[in-house]
Amino acid sequence: MCGLQKIDAMPLLQVKNLRTYFHTRNGVVRAVDGVSFEIEKGQTLGIVGESGSGKSVTCYSMLGLIPQPPGRIESGEAIFDGVDLLKAGPPQLRKIRGKRIAMIFQDPMTSLNPYMRIEDQLIEPLLIHERTDRRRAVELGVQALKDVGIQDAAQRIRSYPHEFSGGMRQRVMIAMALITKPDLLIADEPTTALDVTVQAQIIELVKRMQAERGMAVIWISHDLGVVAGLCQRVNVMYAGRVVESGPTDGIFRTPQHPYNRALQKSIPALQPKGVELYTIAGMPPDLSKPVAGCAFAPRCEFVQDICRTPVELKAGASGQSTACVRVQNGDLKL
Amino acid sequence: MSEAFLQIENLKTHFPVERGMIIRRRIGTVKAVDGVTFSLARGEILGLVGESGCGKSTLGRTILQLIPPTEGTVVLAGKNLAGLNKHDLRESRADFQMIFQDPYASLNPRMTVFDALAEAMRAHRKIPAAEINERVAALMQKVGLSPRFVKKYPHEFSGGQRQRIAIARALAVEPKLIIADEPVSALDVSIQAQIINLLAKLSREMQLTLVFISHDLSVVKHISDRIAVMYLGRIVEIGPAAQVFEQPLHPYTKALVSAVPIPDPEREKQRQRVILTGDPPSPLDPPSGCSFHPRCSYAATECSRAVPALEIFDPARTVACIRAREINQA
């Protein structure tokens, strides 16, 4: 079900068959529908997909951040260092969340409290999780701001979020996430709201922090370019499922799933000027209507009758797993 | 076909910054657009790029007279838009239209597609009433929507379809110039490609002059004939799209281009990145001289003295950097 079983070392995080549904008045929305993946210590995993493909809900589910109701985790496990996050009670989850697993969000303005000084927000994880005394925590806070490249950290720590620019706020978010030296950082579109030059700064920063501290990173993004430069492995999601997964090179160089291939072909950056861009016909499916078989089938140019039967992610020869029946059967080579 | 269909000369848009609740005092000026000059040929597509706050949207709106310019002229097909009175401006508006970023916000939720398109036609009385039905249907087909959706409301459409409606509405009055302000930024990658193809096709078929504003350089590179790069209210470089992207002249363009992630792991590994330090400066208090000099790795003392003018570098390209020749040798 989840690729190769490793006998020697347990992965840092292992997600198996996660299903998160939202029970709404308009029916059951299958936002995440059977997702399995794992991440090793110190690894960087990219999760890419269009809006509504379930990238964020996957990660929110693991951290117990899904509002319930309407959300409900229907099945699955997420084993983080021996603990199943999906079954852990709130006290146990609180000990892990913000300490061993940290998260940064897309919009740094809405995720910082506008009424609190940076200082108080930044050192809060230390006070709560490590019971550091306040003076020491402030010292560590100043150091954390310096580490993410904020000048005059000792003064700036007394500022309020509105006194910072977007890029600086995102640096503060990163400093806050990293202050407890987490084993896993989950970054949910952390650079989408930023300009490209600032985005480049933030990516360099995360890379450096990762090299220094050896933490694992899950980077959620719709921007394939960012993921190509940063991640070792990539999961491509479509309609709540992982349709292709593997080392970054393979995902970009030899896409095997028709959706992944179509996605690669429709990016303007890789196409010569003036050439008509490849477009994927139709629209992503309505997730409140159950899909028989492959969810991409209605838009796929290689569709056959067999595509209406259920399909699982299966590992191929190159360590790249694909959820396409025709590729698995060997009668479709892209 | 005239050489310069749209000619913009020394265009400036300054906003006063005021303080005080009752007695308002002017405490400063934001020079959102500060002396922009360029011209476009008929049917040309110009990509306008720059970071948020650099004034690219303000420039777009000022060209269309949605914001009155502080100074300068905008000549479209021989007519200076900046000098028109209210009545004449209203009459001329059919010649230039805008497409906005967010198709969720730019369409009236209470108007059907038909109402939205017919309203534009009626307002400018370009099309006889008897022909409106027919024209709306033709227009929908042109932008790739089935005319049977004509009685539907915006909420019944997806983001990409709404952007098609917004494009159709801009085309309803048969404009000569369209300014598209981040028209694909709110859309998913696979839908982006459809809208880019549509705009490119329409521009080709209808000889439409298009200013395409975006922060996404790879999109701009794909659709544009030429690219203009803005920094803090001024254009720092203009040239043919491929050249600006592949051999940028201005240090800021170099940094901007190198910051764009390429969705190719091999090329990503080999790239030399120019990482800028700091954030763009505040437009309230811009640095002296070249406003990029505090972040520029090539900055010399004379860079802080005078604002560099846009100068011709080679026949196709202009750049505003006093050291442009020095740093781009060989």
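Predicted model: local features only at pLDDT ≥ 70, side-chain atom pairs only at ≥ 80, totals over all residues.
**Chain contact, a covered helix and a covered strand**

The contact between the two chains draws 37 residues from chain A and 31 residues from chain B. On the side of chain A that touches chain B, α7 (166-178), α8 (196-213), α9 (224-230) and α10 (248-253) of chain A each supply at least two residues.

**Contact, seen from chain A**
- With 7 residues, α8(A) gives the largest share of the side of chain A that touches chain B.
- Sorted by class, that side of chain A holds 17 nonpolar, 13 polar and 7 charged residues.

**Helix α5 of chain B**
- Helix α5(B), residues 159-171, has 13 residues and reaches 18 Å from its first C-alpha to its last, which is close to the 18 Å expected at 1.5 Å a residue.
- This helix is mostly covered, since 12 of its 13 residues are buried, and among them are the arginines B:Arg162, B:Arg164 and B:Arg169 as well as B:Ile165, B:Ile167 and B:Leu171.

**Strand β6 of chain A**
- Strand β6(A), residues 101-104, is covered on both faces, with A:Ile101 and A:Met103 buried on one side and A:Ala102 and A:Ile104 buried on the other.
- β6(A) pairs in the parallel sense with strand β7(A), residues 184-188, over 4 bridges, and within β7(A) the bridge partner of A:Ile104 is A:Ala187.

Conventions: Residues numbered from 1 in each chain as written. Chains lettered and ligands numbered in written order. Expected span 1.5 Å × (residues − 1). Buried ≥ 20, exposed ≤ 12 C-beta atoms within 10 Å, placed from the backbone. Contact = placed C-beta atoms within 7 Å. Nonpolar A, V, L, I, M, F, W, Y, C, P; charged D, E, K, R; others polar. Pairing = 2+ DSSP bridges.
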